[in-house]
Amino acid sequence: MKNSKKVLIIGGGFAGLSCAQKLAGNDDFQVTIIDRQNHHLFQPLLYQVATAALATTDIARSLRQILAKADNVKVIMDDITNVDPKTQVATSAEESYEYDYLVMATGMRTSFFGNDQWSEHVIGLKSLADAYSVRKRVLEALETAERITDVEERKRLMTITIIGGGPTGVELAGAYADLMNRTLHSNYKNIEGSKLRVIIIEAAPRLLMPYPEDHSAYTKKHLEDSGVTVMTDTMVVDVSDRHLKLKSGETIDTHTIIWAAGMEATKLLNCFEGAPRDRAGRLTVSPDLSIPDVPNVFVGGDTADVVDGAGVKVPGVAPAASQMGRHIADVITYDHKAEGEAGSATGRPEFFYWDKGMMAIIGKNAAVVSAGKMQLQGWTAWMAWLFIHILFLVGFRNKLSVLLGWFFAFVGSKPGARVFTSRF
Ligand SMILES: Cc1cc2nc3c(=O)[nH]c(=O)nc-3n(C[C@H](O)[C@H](O)[C@H](O)COP(=O)(O)OP(=O)(O)OC[C@H]3O[C@@H](n4cnc5c(N)ncnc54)[C@H](O)[C@@H]3O)c2cc1C
């Protein structure tokens with residue numbers, strides 16, 4: 001039997017999946033990809049599931065289905081709880097998995113900056129379950145608001161507060177503004193769409209901090225013109241199930257609080273004791289993306305703290321994660337050609353990041369794009385955003401379904417996913 005190496009990939013997100021896809025069909029490797037979910041999730045469109053513009057199945061696809069044709073790749077649904085780099089075994093509650101090469105591609109998780117008790121009242125946005133929870137909370141609140149007559153309580157139920165003014169917060173705020181301005185009035189007979197209150201709170205002096213200042217100014221103006229309350233330089237110090245408190249002492253009565261403010265690396269990385277990390281817990285890797293002194297273990301995607309071969313700090317975005325996944329596959333293949341023990345090759349290729357720019361959508365016909373010298377705002381940026389997001393969705397069926405969903409949501413003002421299961 002051929003002496004193929006065992007490659008274990010933990011995480012079927014952008015980094016893990018692209019690594020598996022690059023090794024697919026190469027029978028020098030027996031690849032196992034493990035994820036605690038059975039699907040690959042296109043997180044950039046999570047906010048559209050949260051705001052009922054798309055269905056959950058539009059932005060996720062079964063990993064098994066994506067990798068069905070790759071005979072050397074096995075897909076396992078399991079939750080890995082420990083890795084022992086000495087014995088080269090990863091374990092879950094019930095199973096253990098041996099490896100020659102390990103790829104850690106476990107992404108990030110929501111972080112409340114030390115206020116873990118807030119998770120009871122605040123919903124993060126990282127998984128399909130989160131997006132569904134947000135959608136349900138908002139739609140359920142609107143149903144109650146439609147039924148009751150208490151004006152103050154109705155106002156509280158119709159207040160959505162988003163903490164965090166980065167791309168996710170801005171995209172959520174824009175989508176709720178669209179909902180409030182274009183569709184609510186025809187669906188609810190007692191409450192008026194214009195009475196939906198959307199508040200976005202950012203601790204920094206402006207929205208979209210990593211973007212050029214005029215994009216931030218454009219975004220603020222567009223949101224405010226759409227009826228969103230934008231609060232910058234504002235710190236949230238406490239939350240409860242009925243309101244949140246600001247550092248200034250002001251209290252905001254609100255039923256829905258969405259957290260779009262912070263992420264930290266997944267806990268599984270703690271298995272690599274003594275490995276260097278950044279403040280968010282990401283492992284700082286060597287230029288080939290392996291952990292220093294552990295050459296057969298690679299870290300890719302959001303969970304890696306990387307400065308590339310050209311000295312560029314690599315951001316936590318989907319294209320960077322995919323590029324890292326493919327690079328790790330190349331290094332593993334390079335190593336194998338050198339025919340030594342896993343991780344013994346010298347002169348491994350360094351990772352270089354190809355920066356394709358950043359973009360955020362703010363509502364219908366409004367977006368910002370920042371890609372080197374190309375700076376776009378408004379309709380052209382919106383079209384670029386739509387095109388890129390369709391292009392990178394996994395699977396033809398998903399692309400078609402999302403295009404149809406957008407057609408009805410944007411053109412026909414009819415978001416298609418307003419159904420949720422009730423408590424009754
Ligand atoms: C709401 C939101 C909006 C975003 N918008 C954009 C955008 O517009 N453009 C952009 O470029 N980027 C965007 N991003 C960032 C982008 O999604 C990430 O950079 C990308 O998903 C990182 O890929 P990854 O493979 O590192 O991790 P992920 O895609 O997070 O995948 C990690 C996988 O690991 C699995 N996993 C974790 N721990 C375990 C374990 N112990 N056992 C088994 N499986 C495990 C998880 O289930 C998950 O499937 C957004 C992110 C979010 C949350």
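In the hairpin of S23 and S24, with 2 residues between the strands, Asn 365 adopts a positive phi near 65 degrees. This is a predicted model: local features need pLDDT of at least 70, side-chain atom pairs count only at pLDDT 80 or more, and totals for chains, interfaces and linings use all residues. Residues are numbered from 1 along each chain as its sequence is written. Helices (H or I, at least four residues) and strands (E, at least two) are DSSP runs, numbered from the N terminus.

**Hairpins**

- Strand S23 (residues 358-363) and strand S24 (residues 366-371) pair in the antiparallel sense over 5 bridges. Two strands pair if DSSP finds at least two bridges between them.
- Gly 363 lies opposite Ala 366 in S24.
- S24 also pairs with strand S25 (residues 374-377), antiparallel over 4 bridges. Here Ala 371 stands opposite Met 374 in S25.
- S24 and S25 form a hairpin with 2 residues between them. In its turn, Gly 372 has a positive phi of about 60 degrees.

**Domains**

- The domain assignment, automatic or from a database, gives domain 1 (5-36 + 78-110 + 263-337) and domain 2 (116-261 + 357-411).
- The centres of domain 1 and domain 2, taken over C-alpha atoms, are separated by 32 Å.

**Six-stranded sheet**

- An open sheet of 6 strands runs in the order S5-S2-S1-S9-S21-S20, with mixed pairing.
- Strand S5 (73-77) and strand S20 (290-291) are the edge strands, each pairing on one side only.
- Strand S1 (residues 5-10) pairs with S2 in the parallel sense over 6 bridges. Ile 10 stands opposite Ile 34 in S2.
- H1 packs on this sheet and touches S1, S2, S5 and strand S9 (101-104). Two residues are in contact if their C-beta atoms, placed from the backbone, lie within 7 Å.
- The direction of H1 makes about 160 degrees with that of S2. Axes are lines fitted to C-alpha atoms, for helices over the stretch in contact, and angles run from 0 to 180 degrees between N-to-C directions.

**Four-stranded sheet**

- A second open sheet has 4 strands in the order S13-S12-S11-S17, with parallel pairing.
- Strand S13 (229-231) and strand S17 (256-259) are at the edges, each with a single partner strand, so one side of each has no neighbour in the sheet.
- Neighbouring strands of this sheet are turned by 15 degrees against each other on average, direction ignored.
- Strand S12 (residues 197-201) pairs with S13 in the parallel sense over 3 bridges. The bridge partner of Ile 199 in S13 is Thr 229.
- Helix H6 (residues 167-187) packs on the sheet, touching strand S11 (159-163), S12 and S17. Its direction makes about 170 degrees with that of S12.

**Helix pair H1 and H8**

- H1 and H8 pack at an angle of about 35 degrees, with their axes 7 Å apart.
- The crossing of H1 and H8 is right-handed, that is, the near helix is turned clockwise from the far one by less than a right angle.
- The contact includes Phe 14, Leu 17 and Lys 22 of H1. On the H8 side, Met 324, Arg 326 and Ile 328 are among the residues involved.
- By class, this contact has 10 nonpolar, 4 polar and 2 charged residues. Ala, Val, Leu, Ile, Met, Phe, Trp, Tyr, Cys and Pro count as nonpolar, Asp, Glu, Lys and Arg as charged, and the others, Gly among them, as polar.

**Ligand shell**

- The ligand has 34 residues around it, of which Gly 11, Gly 13, Gln 43, Gly 107 and Gly 301 come nearest. A residue counts as near if its C-beta atom, placed from the backbone, lies within 6 Å.
- Helix H1 (14-23), strand S2 (29-35), helix H2 (46-50), H6 and helix H8 (318-337) each give two or more residues to the shell.
- The shell divides into 16 nonpolar, 13 polar and 5 charged residues.
- Domain 1 and domain 2 each supply at least three residues of the shell.
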